[in-house]
Amino acid sequence: MTAEPAPNTHSLRQRDAEVIADIARLRFSPLSLAGGRGSRLIEEGGREILDLSASAGSAGLGYGHPAIVEAVAQATRNMAGASLLLYPNENAVSLAETLLAATPGEAGRKVWFGHSGSDANDCAVRVLQAATGRTRFISFIGSYHGNLSGSMGVSGHTAMTHTLPRPGLVLLPYPDPFRPRFSAEAVLDLLDYQFETTCPPQQVAALFVEPLMSDGGLIVPPPGFLKALAERCRRHGIKLVVDEVKVGLGRSGLMHCFEHEDVLPDMVVFGKGLGGGLPLSALVGPRDIMDHAPAFALQTTAGNPVATAAGRVVVETILRERLWEHAARVGLIFADGLRALADRHACIGEVRGRGLAVGLDLVADRATRAPVPVTTTAKVIYRGYELGAAFSYVGLKGNVLEFTPPLTLTEAEAREGVAIVDQALADVAAGRVSDAAVAPFMMW
């Protein structure tokens, strides 16, 4: 007979450390959650925290959104099965129809559903290789396309050097206007040279690109760069896969981030905010790829009626309320507020991004643009938590504060967030956060 577990009197953070595998954890502060509402997280003990991260972008409509609550409750009360694998269900089919209608692209496309951006990018790699007969891929240094074997294999982030890229992958620099070591023209010339020499284009199935490089440092590409990539892909019969997992669905100030560059992808990957906090991803692509073979990429609970009920409401709400316009307006207030802090904080190198995807690049020296040590970034996040806000850091050197709050963030909350960041920067500069305090939270 199995014994009942003994009551645990430790804090939630202590219990988390005891039972949750480190390979599944990324902690930036002591924040432990008991609930959430709107743009606020409620930590153990009841204190409310302004969420400037939206749980890494997953809670695009915030927490407890009435439409999501009702849709999920209804789908759970009368569940139309638990899988799209064996039977169609209304929520999944309707969500697919809505996504296709809302996503620019050529006629004759279909949708595959998964649980996260990781599995959607993984599926894209597998099916593109199988359907095209081409074995090679192109992506970018700094890119993060997921944490499964296939999606890791086409990623190029410094935090993932524990897993080697897939054989034959070509990793290009992503042009960074703030640190222009490689201009857009230089990267394109390098790509052309690869095609001429060690990477014949007829071997390449697809090029994966983020229209705004997220985990690489919230880098906005130079104007025309994505369009030039797309032109080269078309010329050589290479599929262009745009990863919108973190920056899509209204976050950038347009419905799709790739629309800023007037690019028409062959395949689009959605995740994170698509599920409104539930596990849901989608891959949109041409029929000749998506219908490659029956049952080629099955996942038992993918496309289930509960997760897709949430996704359906998320997309419909974004479209109906034109939340990309709200994201553009409030994002500008937030970004301009951060820029105004530069006169008081010498560590602010650049504020960049689009809409409600904003990066604050912290530098040790404005002249050289050398990044601050990651310890400094971690201290700002830790102090921000103490002052009442949650956010995280990205970048190849871990020096970029990342802000991806719910699309429903209000103007007042944006200004509140700026004030907290202002105070956190001042307090860290004054030495009010120790190295020991942040040591447990430097995991990325």
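Predicted model: local features only at pLDDT ≥ 70, side-chain atom pairs only at ≥ 80, totals over all residues.
Helix α10, residues 305-321, packs against helix α3, residues 66-77, with the two axes coming within 8 Å and crossing at roughly 150 degrees. Because angles over 145 degrees count as roughly antiparallel, α3 and α10 are roughly antiparallel to each other, and their crossing is right-handed. On the α3 side the contact is made by Ala67, Ile68, Ala71, Val72, Ala75 and Thr76, and these meet Pro305, Val306, Ala309, Ala310, Val313 and Val314 of α10. By class, the residues of this contact of α3 with α10 comprise eleven nonpolar and one polar, with no charged residue among them.

Helix α10 also packs against α4, here at an angle of about 30 degrees and with the axes 8 Å apart. Since angles under 35 degrees count as roughly parallel, α4 and α10 are roughly parallel to each other, and α4 passes α10 in a left-handed crossing. The residues of α4 that take part are Glu90, Asn91, Ala92, Ser94, Leu95, Thr98, Leu99 and Ala102, while α10 brings Pro305, Thr308, Ala309, Gly311, Arg312, Val315 and Leu319. The contact of α4 with α10 divides into eight nonpolar, five polar and two charged residues.

## Packing of α7 with α8

Helix α7, residues 184-196, and helix α8, residues 225-236, have axes 10 Å apart and pack at an angle of about 15 degrees. With an angle under 35 degrees, α7 and α8 are therefore roughly parallel to each other, and the crossing of α7 and α8 is right-handed.

The contact brings together Ala184, Val187, Leu188, Leu191, Asp192 and Phe195 of α7 with Phe225, Ala228, Leu229, Arg232 and His236 of α8. Sorted by class, the residues in the contact of α7 with α8 are eight nonpolar, one polar and two charged.

## The second largest pocket

The second largest pocket has a volume of about 670 Å³, and of the 27 residues that line this pocket, Leu84, Val111, Trp112, Phe113 and Met290 are the closest to its centre. The lining of the second largest pocket consists of 22 nonpolar, two polar and three charged residues.

Four elements, α4 (90-102), β4 (109-114), α5 (117-132) and α9 (287-290), each supply at least two residues of the lining of this second largest pocket. Helix α4 gives the most, with five residues, and α4 is also the helix that packs roughly parallel to α10.

## The cavity

The structure holds one cavity of 30 Å³ or more, and about 100 Å³ of space lies in the largest cavity. Among the 14 residues that line the largest cavity, Gly57, Gly60, Gly248, Leu249 and Gly273 lie nearest its centre.

By class, the lining of the largest cavity has seven nonpolar, five polar and two charged residues, whereas the lining of the second largest pocket has 22 nonpolar, two polar and three charged residues.

Key:
Residues numbered from 1 in each chain as written. Heavy atoms only, no water. 1 Å grid on protein atoms, 1.4 Å probe; cavity = no way out; pocket = protein on both sides within 12 Å on 5 of 7 lines; lining within 4 Å. Points joined across faces, edges and corners; volume = space filled by probe spheres on them. Nonpolar A, V, L, I, M, F, W, Y, C, P; charged D, E, K, R; others polar. Axes fitted to C-alpha atoms, helices over the stretch in contact; angles between N-to-C directions. Parallel < 35°, antiparallel > 145°, perpendicular 65-115°, else oblique. Left-handed = near helix turned anticlockwise from the far one by under 90°. Contact = heavy atoms within 4.5 Å.
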